[in-house]
Amino acid sequence: MRGEATGTAGGETGTAEVQALFEWTIERDQRIEPRDWMPGKYRSTMIRQIAQHAHSEIIGMQPEGEWITRAPSLRRKAILLAKVQDEAGHGLYLYSAAETLGADRTDLTGKLVSGRQKYSSIFNYPTLSFADVGVIGWLVDGAAICNQVPLCRSSYGPYARAMIRICKEESFHQRQGYELLMALMDGTPAQREMVQDAVDRWWWPSLMMFGPPDADSTHTAQSMAWKIKRHTNDELRQRFVDMTVPQAAALGVTLPDPDLRWNAERGHHDFGAIDWSELKRVISGDGPCNAERIAVRRAAHEDGAWVREAAAAHASKQARRERGAMDDAVEKPGREAV
Ligand code: FAQ
């Protein structure tokens with residue numbers, strides 16, 4: 001039954017039957033799969049979110065990647081290399097998930113490098129010291145986990161399944177960041193200062209990762225109704241703050257917010273006002289590193305053209321060879337009969 005309402009059959013709006021099947025699938029907390037009918041708006045919302053997420057992972061390789069050659073020990077270099085490689089892997093799973101919706105990967109990359117598609121605001125900030133690597137693991141991966149664990153129950157099957165594997169790796173990333181920070185906090189006063197400075201610079205941008213406040217969020221209501229998102233931006237931001245405050249205390253760092261305090265009545269931490277004009281600026285391309293991040297991505301894409309051409313030539317040679325082998329296999333029984 002599910003497979004019958006394939007893809008775009010029924011058009012953008014769909015027949016009453018396929019619409020009902022879509023609604024029923026969402027209501028029963030089951031997954032929408034690539035061959036199922038889905039509203040055009042659901043498809044475009046999924047492509048937008050998955051593509052932005054994929055772009056974030058790929059652009060997100062840059063801030064930490066800059067420290068691979070400057071890691072303070074062989075052990076730290078090996079850890080960082082593995083983490084940045086994991087991020088490339090996450091980007092690739094996500095581009096594949098977007099392709100199941102009919103998106104074209106080359107087109108998505110084109111939209112990223114021409115500024116027609118977004119990536120997370122957080123990756124437009126510079127990494128000024130090696131402590132930033134630890135703080136990205138702790139805060140940025142920590143925020144990513146908070147946001148992405150609920151996405152393992154997202155209504156679109158390939159995205160939800162990609163997210164399960166990604167979250168396992170993200171939680172490992174968060175622990176490595178925290179372990180690095182613990183080592184630095186156990187070090188010299190200069191190392192402790194380096195950690196505090198990194199926390200001061202990354203705290204507010206990490207809170208912005210969750211997106212605009214619910215009142216200004218364009219997509220939340222519809223995405224919640226379709227169970228693409230399971231929590232609002234503000235709910236997840238609050239969860240992140242509550243989770244992070246005791247971790248900061250255990251580490252011995254101060255979060256740079258004088259208004260941050262436990263509110264017994266709410267059962268949550270209150271926190272200070274976020275500078276939403278900064279998020280708007282960074283999203284619209286005017287953050288500290290936007291131009292540099294896109295220039296690096298564009299150059300990597302252009303420099304990789306020969307690899308894509310070679311891979312395509314190899315694939316078509318391989319396909320020709322396989323076709324030839326199949327033709328031989330078809331012809332042979334006839335020849336043997338003669
Ligand atoms: N940055 O209506 P909403 C990671 C845009 S991966 C830039 O609330 P929505 C791993 C939004 O797209 C981090 N743009 O939107 C890692 C929309 O613009 P549009 C990425 C943002 O989709 C760690 C407009 O504002 N994670 O960190 C941001 O319902 C370490 C209105 O916003 C994901 O992508 C922002 N922060 O909620 C890698 C997770 N916030 O398209 C390396 C999946 C909002 O209308 C190192 N995505 N916008 O022009 C999501 O959960 C959601 O898409 C949200 C935004 C929550 C990000």
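Predicted model: local features only at pLDDT ≥ 70, side-chain atom pairs only at ≥ 80, totals over all residues.
A residue counts as near a molecule if one of its heavy atoms lies within 4 Å of it. Residues are numbered from 1 along each chain as its sequence is written, and side-chain values use heavy atoms, with hydrogens and water left out.

Let's start with the ligand. How many residues surround the ligand? The count is 35, and the closest are Gln52, Lys118, Ser217, His219 and Lys229. By type, the shell splits into twelve nonpolar, 14 polar and nine charged residues. Here nonpolar means Ala, Val, Leu, Ile, Met, Phe, Trp, Tyr, Cys and Pro; charged means Asp, Glu, Lys and Arg; the others, Gly among them, are polar.

Now the helices. Helix H2 (40-59), along with helix H4 (74-99), helix H6 (131-148) and helix H7 (157-185), each give the shell at least two residues. Helices are DSSP runs (H or I, at least four residues), numbered from the N terminus.

Next, the polar contacts, meaning pairs of N or O atoms within 3.5 Å. A polar side-chain atom of His219 is 2.6 Å from a ligand oxygen. For Lys229, a polar side-chain atom sits 2.7 Å from an oxygen atom of the ligand. Met208 uses its backbone: an N or O atom there lies 3.4 Å from a ligand nitrogen. On its own the ligand has 1,100 Å² of accessible area, and the protein covers 91% of that. Those areas come from the Shrake-Rupley method with a 1.4 Å probe.

On to Ser217 again. Asn233 is 16 residues from Ser217 in sequence, and their C-alpha atoms are 8.0 Å apart in space. Asn233 belongs to helix H10, which spans 233-251. Is Asn233 buried or exposed? Asn233 is buried, because its relative accessible area is 7%. The cut-offs: buried is under 20%, exposed is over 50%, partly exposed is in between (1.4 Å probe, protein chains only).

Which loop holds Asp29? Asp29 sits between helix H1 (16-27) and helix H2. Its phi is near 60 degrees, positive in a residue other than glycine. Asp29 is partly exposed, since its relative accessible area is 40%. Lys227 also has a positive phi, about 60 degrees, and is not a glycine. Look for Lys227 in the loop between helix H9 (220-225) and helix H10.

Methods
Polar contact = N/O pair within 3.5 Å; in protein donor to acceptor, adjacent residues only side chain to side chain.
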